[in-house]
Amino acid sequence: MQKIAFDIESIRKSFPILNREVNGKPLVYFDNAATSQTPQQVIDVIVDYYQRYNANIHRGVHTLSQEATDAYEQARIKIQKHFNIAKSHEVIFTSGTTHSINLVANGFTSFLKKGDEILVSAMEHHSNIVPWQMLCERTGAVLKVIPMNLEGELVMDKYHRLLSDKTKLVFCNHISNALGTINPIKEIIDAAHDVGAAVLVDGAQAAPHIKADMQALNVDFYTVSAHKMCGPTGVGILYGKEAWLKKLPPYQGGGEMIAEVTFEKTTYADLPHKFEAGTPNVCGGIAFGAAIDYMNSIGFEEIAAYEHELLKYATEQLLQIEGLKIYGTAKEKTSVISFNIEGIHPYDIGSILDKLGIAVRTGHHCAQPIMDFYKIPGTVRASLSFYNTKEEVDTLVAGVRKARQMLL
Ligand SMILES: *Cc1c(COP(=O)(O)O)cnc(C)c1O
C-alpha cells in the first residue's frame with residue numbers, strides 16, 4: 001500500500017462534507033464515534049458501482065454479476081488481510097456490529113444451560129448488553145458484570161475473580177464509545193480461555209483507531225461496523241474462528257445460505273455463505289474495502305499519533321473551563337471526550353453548539369449503565385478524528401465557553 005504523508009490539508013480535501021456550513025457557520029464535526037465521514041475515494045467507489053456494474057452476486061452467469069461478485073469477494077479479502085484473519089471464510093458480512101452480536105447471541109442458545117454464566121463489562125454499548133439479556137432469558141444463564149472504577153477502567157482483579165468453570169462467554173468492547181477507554185482485551189481473552197470460555201470483542205469503536213490483529217489476539221469473535229471507519233452505513237463484519245462458525249447454527253434462513261432445499265430438508269451452504277442469507281449490501285461491502293484501503297493509505301500509526309496529540313490538546317483546553325468535568329480519564333484512551341459543566345444539562349450545551357455549527361453528541365450514548373454509575377443523565381461527547389484540527393478544537397472550546405455564559 002502506497003502511503004501518503006500525513007498532510008492534514010490534503011486529508012481534509014478528501015472529505016467534501018467538511019466544506020459545508022451549518023447555521024451559517026463552517027461545520028465542525030465532532031461526532032465521529034457515532035459515525036465517521038466519507039472520503040471522496042469511497043464515494044467514487046459507490047458511484048462507480050451503481051454507474052457500471054450494479055448486479056446481484058454469486059448467481060449470475062452474466063458479466064455484470066461476475067464483476068460485482070469479484071469486487072465483493074476482493075473486499076472480503078482486503079478485510080481479512082487488514083485484520084490478519086487466517087481464512088477469508090472467517091469474515092462474515094453483516095449489516096454491522098449490532099447484527100454481528102445478535103448472530104452470535106442467537107447461535108449460543110443451544111450451547112447454554114441454566115446456571116451458566118456470561119460476563120459483560122460495565123461499559124458496554126446497549127447493543128452488547130441487550131442480546132445477552134435475551135440469551136439469558138432463553139437459556140436460564142446468568143449475566144454478571146465486570147465493574148469499572150471512576151477513571152473508567154475495568155477492575156481487572158474483580159474480573160479474574162468472577163471467572164470460573166461456570167463462565168461460558170465473556171463480552172467486552174475493545175474501546176468504549178462513551179469514555180474512549182482502551183480495554184486490556186488480550187488479558188481478558190487469555191484469562192477467559194483459561195477457564196474454557198469463549199470471548200466476543202465489540203471492535204466497533206476500535207477499528208477506526210487501531211489495526212487489530214485477530215490471530216495475535218486469539219479472539220473467538222470480533223465485530224466491526226464500516227460506518228465508524230470511513231465506510232458506508234449498513235455494512236460490517238463478524239469475524240469468527242472457523243471452529244466456532246462451523247458449530248454455530250445459521251441465524252437467518254433464505255437465499256444464498258443453502259446448499260440444497262427440498263420441502264423435507266435443507267442443507268446449509270459452507271462458510272461464509274451459511275451466515276449470509278439473502279442479497280447482501282453488495283455496494284456497501286465493496287465500499288467497506290475501499291474505506292480500509294483509504295485508511296491504510298494514511299496509516300494507522302500516523303492516525304493514532306495525530307489523534308493522540310489532538311486528544312491531549314482538547315483535554316487541556318477544555319479543562320481550563322470552570323466547572324467542566326471529563327468522564328473517562330483512563331491511562332489508555334482514544335480521542336473521545338465526554339464531559340459536563342456543573343449545573344447545566346448536556347442537551348442545552350449541545351443545542352447551543354449546533355447553532356455554532358459544531359456537531360457533538362449529547363445523552364447516554366447507548367450506554368446508560370455508565371451514566372447510572374456516574375449518577376448523571378448523560379454527557380456532551382466530542383469524538384475527534386484524524387481529519388479534525390486544533391483550530392476546530394479552539395472553536396469547540398470557545399463554543400462551550402459561550403454556552404456556559406448563556407446558560408449559567
Ligand atoms: C457504534 C457502536 C456499536 C453499534 O454499532 P452499529 O453500527 O450501530 O451496529 C456497538 N458498540 C460500540 C462500542 C459502538 O461504538
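Two residues are in contact when heavy atoms of theirs lie within 4.5 Å of each other. Keep that in mind as you look through these close-ups, which come from a predicted model.

**Figure 1. Helix 2 and the helices it packs against.** The buried residues of helix 2 pack against helix 3 (63-82) and helix 10 (282-298). Which residues of helix 2 are buried? They are V42, Y49 and Y53. Seen down the axis of helix 2, these buried residues fall within an arc of 60 degrees, so they line one face of the helix. Turned away from that buried side is a face with the exposed residues Y50, Q51 and R52. You can check the length of the helix too: at 1.5 Å a residue, the 14 residues of helix 2 (residues 40-53) should span 20 Å, and its end C-alpha atoms are 19 Å apart, which agrees.

Figure 2. Side chains of opposite charge can pair when their charged atoms come close. Here D293 forms a salt bridge with K78, and their closest N and O atoms are 2.8 Å apart. This pair links distant parts of the chain, since D293 sits in helix 10 and K78 in helix 3, 215 residues apart. Are the two partners buried, exposed or in between? D293 is partly exposed, at 23% relative accessibility, and K78 is also partly exposed, with a relative accessible area of 33%.

Figure 3. K166 is partly exposed, with a relative accessible area of 45%, whereas E117 is buried, with a value of 7%.

Figure 4. E242 and K246 form a salt bridge whose closest N and O atoms are 3.8 Å apart. Both sit in helix 9 (residues 242-247); because they are 4 residues apart, about one helical turn separates them. E242 counts as buried at 19% relative accessibility, because buried means under 20%.

**Figure 5. The surroundings of the ligand.** Which residues surround the ligand? Among them are T97, T98, H125, S127, N177, A204, S225 and K228. D202, Q205 and H227 belong to this group as well. A polar side-chain atom of D202 lies 2.5 Å from a nitrogen atom of the ligand. The side chain of Q205 has an N or O atom 2.5 Å from an oxygen atom of the ligand. For H227, a side-chain N or O atom is 2.8 Å from a ligand oxygen atom.

Figure 6. Where is A206? You will find A206 in the loop between strand 8 (198-202) and helix 8 (214-217). With a relative accessible area of 0%, A206 is buried. Leaving aside its neighbours within four places in sequence, A206 is in contact with H174, I175 and Y222. A206 and I182 are 24 residues apart in sequence, and their C-alpha atoms are 8.0 Å apart in space.

Key
Residues are numbered from 1 along each chain as its sequence is written. This is a predicted model: local features need pLDDT of at least 70, side-chain atom pairs count only at pLDDT 80 or more; totals for chains, interfaces and linings use all residues. Side-chain values use heavy atoms; hydrogens and water are left out. Helices (H or I, at least four residues) and strands (E, at least two) are DSSP runs, numbered from the N terminus. The expected span of a helix is 1.5 Å times one less than its number of residues. Buried means under 20% relative accessible area, exposed over 50%, partly exposed in between (1.4 Å probe, protein chains only). The arc is that of the directions from the helix axis to the C-beta atoms. A salt bridge is a side-chain nitrogen of Lys or Arg within 4 Å of a carboxyl oxygen of Asp or Glu. A residue is near a molecule or strand if one of its heavy atoms lies within 4 Å of it. A polar contact is a pair of N or O atoms within 3.5 Å; within protein, one must be able to donate a hydrogen and the other to accept it, and residues adjacent in sequence count only if both atoms are side-chain atoms.
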